[in-house]
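User: Hi! Could you walk me through the pocket and the helix packing here?

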Amino acid sequence: KGTIVKAKADTQFLPADFTDRSADNLILCVALMYKEKNPCLLTSDNGLQVKAKGLRIATITLKDFLN
């Protein structure tokens with residue numbers, strides 16, 4: 001069991017080379033806000049998974065989550 005948290009993106013957590021105009025980057029920003037709590041990002045978006053992996057954020061697809 002886990003906790004679901006609703007949060008608003010704080011762009012100060014984004015790496016300098018990430019634009020704050022991308023929806024993917026705003027999602028990553030929220031995950032980075034909670035990085036010390038070991039978040040897991042639920043997404044089937046391959047591009048977002050690659051970005052998250054580069055930032056050492058765990059991801060899982062909906063298909064894997066449901067199995």
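User: What volume does the largest pocket have?

Analyst: This is a predicted model, where local features need pLDDT of at least 70, side-chain atom pairs count only at pLDDT 80 or more, and totals for chains, interfaces and linings use all residues. Side-chain values use heavy atoms, without hydrogens and water, and residues are numbered from 1 along each chain as its sequence is written. A pocket is an open set of points on a 1 Å grid over the protein atoms alone, where a 1.4 Å probe fits, with protein on both sides within 12 Å along at least five of seven lines. Filling the points with probe spheres, the largest pocket comes to about 720 Å³.

User: Which residues lie nearest the centre of the largest pocket?

Analyst: Lining residues have an atom within 4 Å of a point, and 16 residues qualify for the largest pocket. Nearest its centre are Thr3, Ile4, Val5, Pro39 and Cys40.

User: How do α1 and α2 lie to each other?

Analyst: Helices are DSSP runs (H or I, at least four residues). The axes, lines fitted to C-alpha atoms over the stretch in contact with angles from 0 to 180 degrees between N-to-C directions, come within 10 Å and cross at roughly 40 degrees. Angles under 35 degrees count as roughly parallel, over 145 as roughly antiparallel and 65 to 115 as roughly perpendicular, the rest being oblique, so α1 and α2 are oblique.

Definitions and conventions. Helix = DSSP H or I, 4+ residues; strand = E, 2+ residues; numbered from the N terminus.
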